[in-house]
Amino acid sequence: MKLAPRSVLVLLAALLVGFASAVPDTARADVNFGLYIRASAGGVNKDPVNLAFTGNGILGYSMGHFGHHMGWAYTGGSTMYFQDHGSWEPHQDQRATGCDICTRDHIRWNQSNDAGPAGWDTWTMGAVHYEVSVPCVHSSRSFNDPRNVIADTMDNYSEHLAVWQYWGNTAASQQCDSVWTSGDGWIVRINIP
Amino acid sequence: MKTSIVLLPLALAGLLIGGAVASFARESSEVLHLVVVSNAGSGGRLASEMWIDEGRMLGLALDTSNGMTSRSASGPDWLLDVPADPARPALKYVYENGPASTGVPHRVWYFRMALRAGQATVVNEYGGSRLVTDASGNMAELRRQDDLPLWQVVNGTRVSFEYVLQEKLAAHAYPLAFFQDDGGRPTVLTVETDWPGVLRRASIVPAFPGSNVAGRELRAALYRRDSAGRTLEQINLLYGEDVQVVTSQLAASSASVRSGGQAVVTPLGDGQVFQDGDRSYFMVLRGQRAISVFGPTRDVVLRVAEALRE
């Protein structure tokens, strides 16, 4: 069967459209993310983004390595939004050390749309906090402590070397029980092979 | 048989000596374990459980107001303050540098420490208690046996104390694990305080020595110290609902700092302004000190940054 020239053009156009739709249209090669996550796009800044799983850090790999070394099993928690190249996206997954109403460490993830060596290669954002159980359910008491635990644990393995960088996301946020909590402005990059 | 006759007295002597040593050790290093209910007059009753080990005053507070129970614990280098105001059952946390600190009201141990530090004097003694006062005119009736208050009036507010449980424990029973979180880590918290509180506690100078900024009043001041952290000290000054000025003392000069912002020159030095979504952010580094301004717009952030002095 011989295709007419016009048919070849249509086929090529379809292939191009298909290829373009297979690659995220927001994929970039620059590090561009919001320093805090929110309960809604129009809400106030809450938890600082304090972890970056970089290198080969697609969401699945990041969670796989994290789960292997940290072993956090619980998956419950409210939806929070990450800012990625100016757009707000709901978290894609989460893990915790305790149940929904327990005092626990709790992390949320969202894969960045960066995709290139000019930035942090492919990477996933993480926002972790230590929260206590209070009458209004949860109140974050520390963003630094659980981040340090993750960094120390992962850094014990040569393939997950941790690199610290000061981004200055130190603004405090008020918790449901009126307590203010702030991060120390450090983001730790953990290599995902 | 002969061997048994010889060993028996030795074993008894050993038990006696061992018991004496154990008794001495317990008496010389006891901690006081208390469960206290405090009442500031009307309504609010707070139950607190604490261990008092002279220089180390650590505690657990159980807020039992509103029919709910919430649990908060102190950390290794900061203490727990049960607030006097029953309308505000939230617990406040106050850092301490040592037993000589003053001005922290309504602690069970406040006058006990002040008395031993020579900062309070006995004005009357009767029965099993004594009346004490400090230089600020605060007053308390302390139990003679352990100098814990039956009631005290601090800054004009009277609080009475009811001791539900009191026991002495050996030092080895001291619940060190209690002062760590479930993961076994010491817990460091951000403390909400006031402007004098910041000036009293901080060893670094807050970046903005004023009570209002860009038309906004100082709403709250936060302080955190973490001697083992990458940021040793941090002060957040919250102005209005949308502006924060933060001074951070980093443990070491960071060779890796966020870049890519727009360069601006301010009286504090050359800094950068970033646009983070619908918020703006200014940061300048002065050696190991980072000073930041968070605000709703670039104009507001730059106006505050221009006014920063140290």
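Modeller: A residue is buried when its relative accessible area is under 20%, exposed when over 50%, and partly exposed in between (1.4 Å probe, protein chains only). The model is predicted, hence local features need pLDDT of at least 70 and side-chain atom pairs count only at pLDDT 80 or more, while totals for chains, interfaces and linings use all residues. Residues are numbered from 1 along each chain as its sequence is written, chains are lettered from A and ligands numbered from 1 in the order in which they are written, and side-chain values use heavy atoms, without hydrogens and water.

Biologist: What percentage of the residues in chain B is buried?

Modeller: Chain B contains 310 residues. By the rule above, the buried residues make up 49%.

Biologist: How many residues of chain A are in contact with chain B?

Modeller: Contact means heavy atoms within 4.5 Å. On the side of chain B, 37 residues take part. By class, they comprise 13 nonpolar, 13 polar and 11 charged residues. In chain A, the number of residues in contact with chain B is 33.

Biologist: Which residue of chain B meets Arg38(A) in a salt bridge?

Modeller: A salt bridge places a side-chain nitrogen of Lys or Arg within 4 Å of a carboxyl oxygen of Asp or Glu. The rule finds one across the interface of chain B and chain A. With an N to O distance of 2.6 Å, the partner of Arg38(A) is Asp278(B).

Biologist: What area is buried between chain B and chain A?

Modeller: Buried area is the accessible area (1.4 Å probe) that two parts lose on being put together, summed over both. Carbon and sulfur atoms give 49% of the area here. The total is about 2,900 Å².

Technical notes: Ala, Val, Leu, Ile, Met, Phe, Trp, Tyr, Cys and Pro count as nonpolar, Asp, Glu, Lys and Arg as charged, and the others, Gly among them, as polar.
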